[in-house]
Amino acid sequence: MTLSAQSLLSADSLAQIDKEVAKYPADQKPSAVMAALRIAQVEKGWLAPATIESVAQYLGMPTIAVYEVATFYNMYQLEPCGRHKITVCTNLPCQLQGADTVADYLKQKLGIGFGETTPDGRFTLKEGECMGTCGSGPLCLHNNHTMHAHLSPETVDKLLDELK
Amino acid sequence: MSAPYTGPKVCLWTLDHANPASLETYVANGGYSALKKILAEKTPAAEIIEQVKISALRGRGGAGFPTGLKWSFMPRNYEGDKYIVCNSDEGEPGTFKDRDIIEFNPHQLIEGMVIAGYTLGAKAGYNYIHGEIFELYESWEKALEEARSAGYLGNNICGSGWAFDVHAHQGYGAYVCGEETALLESIEGKKGQPRFKPPFPASFGLYGKPTTINNTETLASIPWIMRNGGQAFLDLGKPNNGGTKIFSISGHVNKPGNYEIPMGTPFADLLVMAGGVRDGHTLKAVIPGGSSAPVLPAEIIMACTLDYDSIAKAGSMFGSGAVIVMDETVCMVKALERLSYFYYEESCGQCTPCREGTGWMYRVVHRIEHGEGRPEDLDLLMSVGNNIAGRTICALGEAAVGPVQSFIKHFRQEFEYHIEHKRCMVGA
């Protein structure tokens, strides 16, 4: 049985989703699906099948249509991950500015590779694509939404220390 | 080189002020005056479009299509809803200009969208913002609230009785959504897979309604054009290439960043503004218009001016004005391997030649880079490329081919060395 979004998501998340729905014509609720999945993911940490189903039900969409969206865009998290997801851009401009050194340093320091999570569940490391901020590379995103620029082993140390 | 440019800037002028993003800064320097004047005088749409045509403003997202002409495609007497959409899905490696407009001059983009909405008779506007710059999605929403409170958006704009609103829509990690019809699909809550054209968005766009889609820098240029006139904008650049333009320069320069300078500025001048090539190194190659643009060796790019015509004549694309600089330490095989992986990763999978071909190209470049290249691989790469280009719904296929074929064309020796010696000749 599908759990309703009302029972799965907080009142705050639902209010945020309603605000997104209001941006679009009344008969175009699916336009808010990308935002709704993002809001649900922020609350839950990842998109479990039950969460995706509840978003579908809330927006009046077939579940498969919401899965199509959740699997197409690469910032949706479809399996559990660490408390802190670090996504490093390794694309050419960042690479030229030292992204490989930063990525290797992160891997060595955390003892994991791309796509892996530390055993204590604190960090997940991901390889990312262009974040549209190449002039300030190397770059990473923390939990999809906070960008850290001009990375070096020193700034990586500082960042990791701050993320408990 | 000539003296550094000190003339007017169209988009990033607010950076010369203490609080560049604030409504106060914008209004104190003439912001929203073009909109007020248009609404007060009820300027006919045809007059606005004429000014945009005179300005020779061309789409700043990469295609360079004349903006005034695009606007004139919108049906005038259509009875139903129409939309204006701003494309801020900036994810082409090397491109990072629109993010700075959103961060440092958000109100000029809003004013541009409102003027576009008025001119084209739109009901609402949506700005699709690249997912990875989520902090700017949030800050731009705040700017929208400020504009609503000040009466520049909403049900009674500047007391004119005209209603129009603008909203932010987030991307969430898909390069292909920078393609205009994929972007529309995405706003409709679907996978971002491009549509067949025709029909073009001007007749069948968002929700099937007539829609005009312009790049962020394009729309942000509109208020300046309406305040100063199309001719003044044209005069900033050169014929057929009006205005100043933001160049995003990244890679091996001392001061990567955005530089807004006139169209037609020599490439050598931009390089100097960006602090020159990394200290102690020499220029090897430049990708002049975002990662899809064919690479140019140093001696060719150093002779170019930065405009559509000069870069096209040199065999590349002006694109989005994203300039990726590489010095002599760069292995061109490794650089191409990373770009090829990008297109393979970002192909939406809809068209077989792109879905399969980008994977083939990546795997072949990967094996060359990793000492497993075969003598026939370069011909194979050219052949796979030829079988992608022109056989896909959108331009991502061609975008993936451009780097592969141009890297081999200009740096064939390096690829052959890799294949023959199983290692890199750079530093060898």
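Student: Which helix of chain B holds B:Gly68?

Tutor: This is a predicted model: local features need pLDDT of at least 70, side-chain atom pairs need pLDDT 80 or more, and totals for chains, interfaces and linings use all residues. Residues are numbered from 1 along each chain, chains are lettered from A and ligands numbered from 1 as written, and side-chain values use heavy atoms, without hydrogens or water. Helices (H or I, at least four residues) and strands (E, at least two) are DSSP runs, numbered from the N terminus. B:Gly68 falls within residues 67-72 of chain B, which is helix H4.

Student: Is B:Gly68 buried or exposed?

Tutor: Buried means under 20% relative accessible area, exposed over 50%, partly exposed in between (1.4 Å probe, protein chains only). The relative accessible area of B:Gly68 is 2%, so this residue counts as buried.

Student: Which residues does B:Gly68 touch, not counting those up to four places away in sequence?

Tutor: Contact means heavy atoms within 4.5 Å. With residues up to four places away in sequence left out, B:Gly68 touches B:Ile49, B:Val52 and B:Lys53.

Student: How many Å separate B:Gly68 and B:Asn105 in space?

Tutor: In sequence, B:Gly68 and B:Asn105 are 37 residues apart. In space, C-alpha to C-alpha, B:Gly68 and B:Asn105 are apart by 23 Å.

Student: What about B:Ser186: is it buried or exposed?

Tutor: B:Ser186 sits in helix H8 of chain B, residues 180-187. Its relative accessibility is 0%, so B:Ser186 counts as buried.

Student: Which residues of chain A are in contact with B:Ser186?

Tutor: Leave aside the neighbours within four places in sequence. In chain B, the contacts of B:Ser186 are then B:Tyr128, B:His169 and B:Cys177. In chain A, they are A:Met34 and A:Tyr73.

Student: How does B:Glu376 count by its relative accessibility?

Tutor: B:Glu376 lies in a loop of chain B, between helix H15 (352-369) and helix H16 (377-388). Its relative accessibility is 44%, so B:Glu376 counts as partly exposed.

Student: How many Å apart in space are B:Glu376 and B:Ile419?

Tutor: Along the sequence, 43 residues separate B:Glu376 from B:Ile419. From C-alpha to C-alpha, B:Glu376 and B:Ile419 are apart by 9.5 Å.

Student: Why are the buried residues of H2(A) on the same side?

Tutor: Helix H2 of chain A covers residues 11-21, and its buried residues are A:Ser13, A:Leu14, A:Ile17, A:Glu20 and A:Val21. The arc is that of the directions from the helix axis to the C-beta atoms. These residues lie on the same side of H2(A) because they cover an arc of only 115°.

Student: Which exposed residues does H2(A) carry on the face turned away from its buried side?

Tutor: On their side, the buried residues of H2(A) pack against H1 (5-8), H3 (33-44) and H4 (49-59) of chain A, together with H7 (134-149) of chain B. The face turned away from that side carries the exposed residues A:Ala11, A:Asp12 and A:Lys19.

Student: How much area do chain A and chain B bury between them?

Tutor: In this pairing, 43 residues of chain A are in contact with 58 residues of chain B. Buried area is the accessible area (1.4 Å probe) that two parts lose on being put together, summed over both. Carbon and sulfur atoms hold 56% of the area buried here, and the total is about 3,900 Å².

Student: Which residues of chain A lose the most area to chain B?

Tutor: Together they make up 17% of what the chain A side buries. They are A:Lys23, A:Phe72 and A:Leu96.
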